[in-house]
Amino acid sequence: MFKIKALYFKNALGGLCFKSSIAILLFIFFCITSWTLRLDSLPGLHGDEAWSGLMADNFDRQGVNQITGMNNYTGILQAIAAKLTFDWFSVSVFNLRLAGVVFNVAGLLIICGKLRYNQTQALLFFLLIAGQSVLLMTTPRVAWEVNTFTLFFSSLLYISIFKIVERPSFEKKRWIVLFLMINLIGSYNHLIFSSISASLFIGFFLWSIYYNSDRYNKWIWLLLINLFNQSTLFLMMKYSQGQFVYPIAILLVAIVLLIIIQTSLLIRYQNS
């Protein structure tokens with residue numbers, strides 16, 4: 001009797017996983033079609049997009065010679081992505097916008113893949129809501145740094161948060177490192193990405209004060225460290241005037257080492 005029930009649930013689960021896989025593939029196909037159809041002409045080329053394309057062309061001729069984009073709160077990831085697509089294919093509006101399609105598809109696949117193996121019902125609701133989002137269906141067609149990278153970085157942030165929550169002892173260093181790194185890279189790409197972690201910090205902090213609880217102290221400390229990293233990044237971007245102050249390789253290594261040290265200190269504090 002129990003074996004029959006177990007076999008029934010196993011077959012039902014297998015059928016549900018198969019159906020969810022089909023739903024994911026259909027949704028991704030729908031997104032790719034929506035994002036690439038007449039991509040070179042619809043919508044018309046925006047001034048900020050043209051600026052990114054010109055910066056990519058400048059990088060191709062003179063090399064990467066600055067660390068900020070159009071202003072001191074955006075990075076050069078969009079221009080770098082455009083430069084790569086121009087190098088691999090050709091200079092065109094379609095290739096200028098191609099990175100937005102690629103990274104948004106990658107972000108959707110990461111989220112859907114995670115939900116498929118853990119929360120099938122949540123996956124179906126996500127697909128229904130995402131499929132009705134005019135913003136999601138249109139913004140990847142415009143080559144702005146926010147449109148191109150935000151969903152991709154958010155998906156990685158979601159994975160890291162899920163893994164940290166799954167292991168409340170904070171024993172898995174790599175997920176904390178990923179959380180801090182993605183927040184830093186996403187905030188470098190555009191200041192607006194920092195609003196995700198800032199809102200989490202404010203929410204946990206106010207909740208802890210209101211209920212006089214230390215339940216979320218681990219998250220408050222982690223988000224405080226993240227806030228320090230982001231503030232340091234913004235000061236560097238603002239006062240460097242867009243130019244390389246230090247060799248970029250040394251700077252990147254220093255940032256990674258700093259995050260690893262911060263993670264180790266945080267875990268040691270939480271386990272003490």
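Guide: Before anything else, an axis here is a line fitted to C-alpha atoms, for helices over the stretch in contact, and angles run from 0 to 180 degrees between N-to-C directions. Please also keep in mind that this is a predicted model.

Visitor: OK, so how do α3 and α7 cross?
Guide: The axes of α3, residues 77–88, and α7, residues 145–166, come within 9 Å and cross at roughly 95°. Angles of 65 to 115 degrees count as roughly perpendicular, and α3 and α7 are therefore roughly perpendicular to each other.

Visitor: Which residues meet there, in α3 and α7?
Guide: From α3 there are Leu77, Gln78 and Ala81, and they meet Glu145, Thr148, Phe149 and Phe153 of α7. Sorted by class, this contact has four nonpolar, two polar and one charged residues.

Visitor: Is Glu145 buried or exposed?
Guide: Glu145 is buried yet has no salt bridge, and the nearest side chain of opposite charge, that of Arg97, is 13 Å away.

Visitor: What does Glu145 touch, then?
Guide: Leaving out residues up to four places away in sequence, Glu145 touches Thr74, Gln78, Thr150, Asn189 and His190.

Visitor: Switching to loops, where is Pro43?
Guide: Pro43 sits in the loop between α1 (2–36) and α2 (47–62), and a cis peptide bond, with omega about -5°, joins Leu42 to Pro43.

Visitor: And what is the phi of Arg38?
Guide: Arg38, also placed in the loop between α1 and α2, has a positive phi of about 55° although it is not a glycine. Arg38 is exposed, with a relative accessible area of 52%.

How values were computed
Residues are numbered from 1 along each chain as its sequence is written. This is a predicted model: local features need pLDDT of at least 70, side-chain atom pairs count only at pLDDT 80 or more; totals for chains, interfaces and linings use all residues. Side-chain values use heavy atoms; hydrogens and water are left out. Helices (H or I, at least four residues) and strands (E, at least two) are DSSP runs, numbered from the N terminus. Angles under 35 degrees count as roughly parallel, over 145 as roughly antiparallel, 65 to 115 as roughly perpendicular and the rest as oblique. Contact means heavy atoms within 4.5 Å. Ala, Val, Leu, Ile, Met, Phe, Trp, Tyr, Cys and Pro count as nonpolar, Asp, Glu, Lys and Arg as charged, and the others, Gly among them, as polar. Buried means under 20% relative accessible area, exposed over 50%, partly exposed in between (1.4 Å probe, protein chains only). Lys and Arg count as positive and Asp and Glu as negative; His and the chain ends are not counted. A salt bridge is a side-chain nitrogen of Lys or Arg within 4 Å of a carboxyl oxygen of Asp or Glu.
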